[in-house]
Amino acid sequence: MNETTPLPLDRVEAVARAAHTGQRDKAGRPYAEHLRAVAEGVRARGGDEEQIAAAWLHDAVEDGRLSEQWLAEAALTRRTKRIVLAVTKRSGEPPEAYAARILATPGALLVKEADLAHNADPARLAVLDGPTRTRLTEKYARMRVLLGLVTGEGDS
């Protein structure tokens, strides 16, 4: 990898879109829409290019679309790679450990905040069945508390 010449954002976007080709989210929408929304959310929250690149790739390793080896060898900055790995959930990992890793990784919290914001969008959740909507709403709210994004006492 050439640390001094990371892939430009348009190439990172193209890689992410290709990696998730054919994948749909829980609402049946093309998965690339979620990636775009998270990247735009990071940008709107003042994120830099490294964080936006991580936003495009935030689910690629977790979903098995790209390997950790691909990430290690990719023309991305170390910081972008660290953020992607920080927001990649590990099988059987307790939410507290996941949140702690995000909080310990510079730049990762903003990416996860944008991810949670899009995942918890009422318009996206509205198309899900009741039990799934309830389960996901509770899961996202708990993660927001663990990350310190809300106090857990009705803040949003």
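Which residues does Gln51 touch, not counting residues up to four places away in sequence?

## Surroundings of Gln51

In this predicted model, Gln51 touches Val42, Arg79, Ile83, Gly107, Leu110 and Val111, with residues up to four places away in sequence not counted. Gln51 belongs to helix α3, which covers residues 49-57.

The relative accessible area of Gln51 is 7%, under the 20% cut-off, so the residue is buried. A polar atom of the Gln51 side chain lies 2.9 Å from the backbone nitrogen of Asp48.

## Nonpolar core

The largest nonpolar core has 40 residues, and Val42, Trp56 and Leu57 touch the most other members. Two or more residues come from each of α1 (9-19), α2 (31-44), α3, α5 (78-87), α6 (95-104), α7 (108-119) and α9 (130-146). Helix α3 gives the most to this core, with six residues.

Val42 is also one of the residues touched by Gln51. Trp56 is in contact with Val12, Glu13, Ala16, Arg17, Ala32, Leu35, Arg36 and Ala39, leaving aside its neighbours within four places in sequence.

## Packing of α7 and α9

Two packed helices are described by the angle between their axes and by the distance between the axes. For α7 and α9, the axes come within 10 Å and cross at roughly 155°. This angle is over 145 degrees, so α7 is roughly antiparallel to α9.

On the α7 side, the contact is made by Lys112, Glu113, Leu116 and Asn119; on the α9 side, by Tyr140, Met143 and Arg144. The crossing of α7 past α9 is left-handed.

Conventions. Residues numbered from 1 in each chain as written. Predicted model: local features only at pLDDT ≥ 70, side-chain atom pairs only at ≥ 80, totals over all residues. Heavy atoms only, no water. Helix = DSSP H or I, 4+ residues; strand = E, 2+ residues; numbered from the N terminus. Buried < 20%, exposed > 50% of the residue type's maximum accessible area, 1.4 Å probe, protein only. Polar contact = N/O pair within 3.5 Å; in protein donor to acceptor, adjacent residues only side chain to side chain. Contact = heavy atoms within 4.5 Å. Core = buried A, V, L, I, M, F, W, Y, C linked by side-chain atoms within 4.5 Å. Axes fitted to C-alpha atoms, helices over the stretch in contact; angles between N-to-C directions. Parallel < 35°, antiparallel > 145°, perpendicular 65-115°, else oblique. Left-handed = near helix turned anticlockwise from the far one by under 90°.
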